[in-house]
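Subject: Structure handover

Hello,

Here is the structure for your files. My notes follow below it.

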Amino acid sequence: MSTGGADKPGSGSGGGAVKTPSDFLKSIRGRPVVVKLNSGVDYRGILACLDGYMNIAMEQTEEYVNGQLKNKYGDAFIRGNNVLYISTSKRTLTDGA
């Protein structure tokens, strides 16, 4: 019998398999995301790929400064040491209005 806590029934959030941050990042590839930088700038677009250093490649990228759209890029590469967080986004045509 294991005494490791991670495989106990009822531990965790809701009966499903435990997801790691790596599982989350793999599951959002190809989906709209918001990448917040340490500087406060947001980049919104489609997550193309990322690596273990959190270097991020995005497509259809838009740059937002203080909530205002500043630039649009086809593809963008963000160096991982500048990333504060990545979150999923429900991007629609009415965003930013």
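In which strand does glutamate 63 lie? Glutamate 63 is in strand β3, residues 56-65. Strands here are DSSP runs of E, at least two residues, and helices are runs of H or I, at least four, numbered from the N terminus.

First, the ground rules. This is a predicted model, in which local features need pLDDT of at least 70 and side-chain atom pairs count only at pLDDT 80 or more, while totals for chains, interfaces and linings use all residues. Residues are numbered from 1 along each chain as its sequence is written, and side-chain values use heavy atoms, with hydrogens and water left out.

Overall picture. Of the 97 residues, 27% are buried (under 20% relative accessible area; exposed is over 50%, partly exposed in between; 1.4 Å probe, protein chains only). Among contacts (heavy atoms within 4.5 Å) with a separation of 6 or more, 37% join residues 24 or more positions apart.

Back to glutamate 63. Glutamate 63 is buried and has no salt bridge (a side-chain nitrogen of Lys or Arg within 4 Å of a carboxyl oxygen of Asp or Glu). The nearest side chain of opposite charge is lysine 70, 8.6 Å away. Lys and Arg count as positive, Asp and Glu as negative; His and the chain ends are not counted. The side chain of glutamate 63 does make a polar contact of 3.2 Å with that of tyrosine 73 (N or O atoms within 3.5 Å, one able to donate a hydrogen and the other to accept it; residues adjacent in sequence count only if both atoms are side-chain atoms). Leaving out residues up to four places away in sequence, glutamate 63 touches several others, including Val41, Asp42 and Tyr43.

Leucine 37 sits in strand β1, residues 32-37. Leucine 37 counts as buried because its relative accessible area is 11%.

Two backbone points. Most residues other than glycine have a negative phi. Methionine 54 has a positive phi of about 70 degrees. Methionine 54 lies in the loop between β2 (42-50) and β3. Glutamine 60, in strand β3, has a positive phi near 50 degrees.

Last, a ring. Arginine 44 lies over the face of tyrosine 64, 3.9 Å from the ring centre (the test is CZ of Arg or NZ of Lys within 6 Å of the centre and within 35 degrees of the ring normal).

Regards
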